[in-house]
There are 2 protein chains.
Amino acid sequence: MENLYASRVERIRDMMRARGWNAVVICGSDPHGSEYIAPRWHQVAWVSGYDGEGDLVITLDHAGLWTDTRYFIQAARQLPGSGIELHKTRVPEQVLIPEWIAAQAAAQTEEYVIAVDGNCQTAGSVQAITEACKAAGCEVGETVRIVNAPDLLDGLWTDRPGVPATPIMTLGEEITGESRPERIAWLRDVLQEKGCDAMLLTALDEIAWLLNIRASDIPYNPVCISFLLVTLDEVCWYVTKDDFARPDEETADSFDELRREGIRILGYEEVAYGVAGMVEDGEIGRIYADPASLNYNLYTILSENMPDAVSPAEVSLILGPSPIPLRKALKNPVEIAGMREAHLEDGIAMERFLYWIEKSLAFGDIITERDAADKLGSLRAEIPGYKSDSFETISAYGPGAALPHYITPKENAPRLEPHGLYLCDSGGQYIFGTTDITRTVPLGPCNPLEREDYTLVLKGHIALAMAVFPRGTAGCQLDVLARNPLWQSKRNFGHGTGHGVGFFLNVHEGPQDIRQNFNSQPLLPGMVTSDEPGIYREGRHGVRHENLILCTEAGKNDFGNWLRFEPLTLCHFDTSAIVPGLLTDDEREWLNQYNRTVYETLRPRLGEAVATWLEQKTRPI
Amino acid sequence: MENLYASRVERIRDMMRARGWNAVVICGSDPHGSEYIAPRWHQVAWVSGYDGEGDLVITLDHAGLWTDTRYFIQAARQLPGSGIELHKTRVPEQVLIPEWIAAQAAAQTEEYVIAVDGNCQTAGSVQAITEACKAAGCEVGETVRIVNAPDLLDGLWTDRPGVPATPIMTLGEEITGESRPERIAWLRDVLQEKGCDAMLLTALDEIAWLLNIRASDIPYNPVCISFLLVTLDEVCWYVTKDDFARPDEETADSFDELRREGIRILGYEEVAYGVAGMVEDGEIGRIYADPASLNYNLYTILSENMPDAVSPAEVSLILGPSPIPLRKALKNPVEIAGMREAHLEDGIAMERFLYWIEKSLAFGDIITERDAADKLGSLRAEIPGYKSDSFETISAYGPGAALPHYITPKENAPRLEPHGLYLCDSGGQYIFGTTDITRTVPLGPCNPLEREDYTLVLKGHIALAMAVFPRGTAGCQLDVLARNPLWQSKRNFGHGTGHGVGFFLNVHEGPQDIRQNFNSQPLLPGMVTSDEPGIYREGRHGVRHENLILCTEAGKNDFGNWLRFEPLTLCHFDTSAIVPGLLTDDEREWLNQYNRTVYETLRPRLGEAVATWLEQKTRPI
């Protein structure tokens with residue numbers, strides 16, 4: 001029997017021949033440039049059988065999946081039989097999609113047509129293909145044409161899921177610290193400074209933040225699939241609104257609340273021609289949009305409807321970075337208080353979880369990685385205000401933990417053994433905050449390499465946590481602090497050290513991060529970022545120690561304005577796997593102080609047994 | 001009496017009115033984009049009286065000097081009376097020259113003419129002005145015109161010095177490790193890969209490196225003012241060659257040696273029309289040049305002589321980064337051996353110098369900062385192969401050392417007192433290598449703040465020196481290692497941590513550096529870079545500890561290819577000013593090991609008295 005995915009690739013090629021296309025690009029995102037996507041947009045998985053992150057390119061004689069180091073093993077397992085080849089990215093010899101396609105196009109003497117699913121491809125990424133083709137000497141628009149083919153799989157993927165439409169809630173000022181009108185007024189000020197009279201918001205977390213709304217249209221991401229147009233006197237929300245798709249009362253109440261504030265609620269599908277119509281009617285002139293999340297289909301429709309540009313001042317679709325991510329990343333005092341509350345509750349769940357594992361194993365209970373993940377999930381679910389996990393829990397024992405993006409099997413998951421290291425990376429979405437924590441815990445005796453790795457990663461974690469730095473410092477300028485203890489022993493990890501975290505929003509958000517890549521965004525007071533160095537030894541073990549850290553003021557002197565971090569996460573680091581001789585006095589002091597704070601903060605909320613256990617766990621070393 | 005400089009500015013304005021210019025830019029560089037310049041190009045100083053680094057812009061109603069943090073104090077001292085205002089750069093609120101001029105031009109309704117001294121302004125910097133004007137909405141070429149006015153001061157500066165022409169020496173393969181034909185052949189291979197058939201070399205250290213020649217046309221920089229055209233079958237060196245300017249035998253021999261290898265020696269002034277003529281004659285087609293050192297005058301002449309471009313493949317002047325800096329930075333084994341020899345000799349001079357200071361002060365001798373600088377210079381001058389210092393020695397006691405770029409007065413220099421800290425930053429040019437070293441030494445009792453600063457800067461120096469890092473790591477990703485010990489105490493320094501150093505060439509060279517600015521050039525084996533953190537307290541003291549460090553291989557494992565540093569500099573760090581409790585065990589061990597190595601390496605070459613003294617100085621702490 002022919003491989004299901006190979007046959008799907010062939011059906012796409014039939015379509016390509018019928019339409020005169022030479023290449024098709026299928027991007028693993030959604031119409032909003034999202035990192036995590038709803039099942040409707042699992043197009044890459046539907047075509048290839050591979051369900052990690054990545055993008056596909058199909059030509060008449062080649063089919064390729066582009067993905068990065070995190071997914072090489074998964075791709076190697078899932079692709080065989082499909083005829084799709086793996087193209088590795090984030091490796092020195094990488095050839096990215098734009099350059100790869102450009103090389104194909106440049107090798108042709110006749111017309112070369114590239115079809116992109118303009119719904120799931122951002123304007124920025126199509127621009128990259130265009131530029132690569134030009135750089136390769138192709139005449140784009142002449143011999144090489146890029147065709148916008150939104151939802152090109154629709155005719156083949158007959159049981160494709162619809163656009164998700166989950167209940168929509170609103171968040172009050174007592175939770176977000178800032179009302180909807182305040183945020184809209186701020187955005188209007190920014191637009192006026194830019195000389196624009198409207199912004200089309202396309203990134204889902206930006207819309208959720210601006211409107212103080214949440215839904216659960218994407219697993220783990222409390223967002224609502226929609227577009228938002230903010231003009232100087234109107235706000236138009238393009239969202240699935242019909243009673244059939246969203247029949248619940250909460251949504252109806254939310255819509256009523258927004259309408260009372262003068263916000264127009266319009267259909268999700270109406271956005272392109274709705275906005276274009278407002279342009280044609282002269283209601284709006286210069287529209288600002290971010291090419292990192294504006295999809296190519298919308299870009300094309302809006303560009304076509306714009307009056308011809310004669311000088312920069314009259315161009316009507318202004319592309320540039322959205323001002324919202326930075327503002328959203330600077331948590332206000334109410335959000336910070338909520339984040340603290342979330343981490344207190346989450347810490348209690350984590351400590352009860354770690355207590356349960358230790359006691360269960362001591363009693364000889366059989367626990368699988370899946371059992372542990374479920375137990376932690378149920379402890380979090382008891383917390384008032386819990387809405388969901390913030391991502392799929394990574395519950396990994398021994399060799400499993402050596403995969404930074406391990407997926408815990410639903411069935412027949414490996415058992416936790418009473419020795420070696422168990423790694424759990426998890427988090428919760430609460431209406432007052434988002435958490436993300438990794439603890440690596442010894443389940444019994446550990447070998448010297450496990451202990452050394454455990455300790456060196458902890459040194460890296462502490463070095464970043466203890467950082468003091470002048471205002472203006474970017475995350476990439478601090479990243480080495482977390483790596484240096486590992487580098488000294490010629491060990492390293494292949495992922496970033498830290499990512500921004502939303503307030504009851506996406507667990508990954510920008511604009512700041514702490515990684516080696518040059519990102520000039522300074523770390524600023526109010527930003528919440530993870531601190532998660534690790535080490536991974538294939539077939540053996542993995543270690544990662546992760547807290548969320550809040551950037552705060554640390555005073556001013558002749559040398560500058562100083563900032564530092566404060567851990568938000570409240571869960572002890574196990575001291576039994578540490579090689580004490582590897583810690584400096586400062587590191588030991590930080591660790592003892594942190595564990596003491598965890599104990600003292602959580603104790604009033606813990607039962608007697610867990611409190612006694614935690615007191616022992618947090619004794620100074 | 002009117003201020004001399006104010007009257008010079010007025011004479012420039014008279015010329016501007018006569019020629020219809022609205023703004024004049026006078027750049028503090030030379031026709032080769034050099035960092036250090038010969039007296040002929042001290043145009044900024046001639047106009048303004050300010051003799052630090054910087055650029056001038058003069059309009060009919062404003063005159064401004066643009067310079068960075070290092071020179072604010074000097075500019076504030078030297079500018080008053082000239083009517084020239086200081087525009088600060090490397091500060092958050094900076095407005096650089098291109099943006100400042102663009103704002104002036106944009107505010108005009110009539111034609112705005114900007115005259116640049118195209119000889120001393122690079123093609124890249126004029127491009128920046130053009131782009132800033134376009135961004136400000138100006139129509140460049142229409143209402144805003146940029147006029148190439150090379151040597152525009154010539155009519156006013158009647159006693160302007162000529163182009164320097166010092167004796168030219170050649171270096172043999174036994175010194176450089178690579179012959180002239182080998183280097184030329186390498187460059188031709190690079191050009192062919194780029195699809196070019198010639199390169200016009202304009203940076204002086206690149207020419208010196210490629211031709212294995214040295215001169216002393218610029219103080220401290222053993223370069224020869226010249227241009228070099230390398231085609232696939234010819235090498236044309238445009239250099240001051242007449243016997244009147246260069247009457248010495250060494251130069252004659254050098255020219256003979258080059259001519260025997262088929263290199264054509266042509267006049268310095270012939271370059272523009274010589275190269276343009278070869279283009280017109282069809283001898284060369286696509287010429288590669290680096291806009292960072294190609295001056296605007298040459299760029300203009302060559303562009304005008306190029307056939308009209310119809311497609312990228314037919315454009316004839318190809319601008320891009322020169323391939324030479326990276327190749328030049330990767331010192332070969334012979335160069336490395338020479339650098340080691342230079343540091344051995346230099347270390348002996350330094351130790352004899354430090355011994356002399358200590359003993360002289362103990363005997364009650366009066367020593368000024370100038371005496372000390374002269375003494376060190378004379379000790380270096382005794383070394384066989386010594387050609388000059390590698391920059392002007394900074395000999396600074398107490399408050400003077402608080403200025404990172406202190407200039408030791410020629411007359412009436414401050415005395416060295418038998419207490420507190422003395423800082424000396426100096427280096428030598430030897431025909432087998434270049435050195436650059438800073439030692440800060442206690443001349444007697446030090447106060448607690450001096451001792452703390454001394455120790456924290458040393459911790460930073462050691463942290464960078466001890467770094468181990470995977471291949472691919474750039475300097476900006478390591479910089480924080482040197483700053484972190486200071487940042488922990490909320491102290492900092494306002495200069496880079498490290499710069500590349502040439503092989504008997506400029507003491508500052510690229511492409512690598514170790515600083516906060518994003519520079520993606522990885523550190524690679526064979527690169528020599530400085531490690532020089534510091535701290536500066538105005539009116540009190542300054543500390544800087546500087547070694548040159550060589551990047552070397554450190555082995556390969558599952559986690560990557562590892563690199564590390566090895567100190568080249570051989571001169572002990574004084575341990576008496578250290579606060580021992582601030583050092584970690586690792587830092588103490590590094591320091592003791594380094595001091596032991598210094599002693600053991602230098603001892604055989606030191607006299608009895610200095611050897612005994614050094615043995616005491618390098619005892620472990």
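**View 1. Chain A meets chain B.** In this predicted model, 29 residues of chain A are in contact (heavy atoms within 4.5 Å) with 29 residues of chain B. The two chains bury about 2600 Å² between them, 64% of it on carbon and sulfur atoms. Buried area is the accessible area (1.4 Å probe) that two parts lose on being put together, summed over both. In chain A, the most area is lost to chain B by A:Lys490, A:Phe518 and A:Phe559, together 28% of what that side buries.

**View 2. Polar links across the interface.** Eight residue pairs, both at pLDDT 80 or more, are in polar contact between chain A and chain B. A polar contact pairs N or O atoms within 3.5 Å; within protein, one must be able to donate a hydrogen and the other to accept it, and residues adjacent in sequence count only if both atoms are side-chain atoms.

**View 3. The strand residue A:Gly542.** A:Gly542 is found in strand β26 (residues 541–544) of chain A; strands are DSSP runs (E, at least two residues), numbered from the N terminus. A:Gly542 has 0% relative accessibility, so it counts as buried (under 20% relative accessible area, 1.4 Å probe, protein chains only). A:Gly400 lies 142 residues from A:Gly542 in sequence, yet their C-alpha atoms are 7.6 Å apart in space. Beyond neighbours within four places in sequence, A:Gly542 contacts residues including A:Leu421, A:Thr440 and A:Tyr536.

**Notes.** Residues are numbered from 1 along each chain as its sequence is written, and chains are lettered from A in the order in which they are written. Local features need pLDDT of at least 70, while totals for chains and interfaces use all residues, and side-chain values use heavy atoms, leaving out hydrogens and water.

Definitions and conventions. Helix = DSSP H or I, 4+ residues; strand = E, 2+ residues; numbered from the N terminus. Buried < 20%, exposed > 50% of the residue type's maximum accessible area, 1.4 Å probe, protein only.
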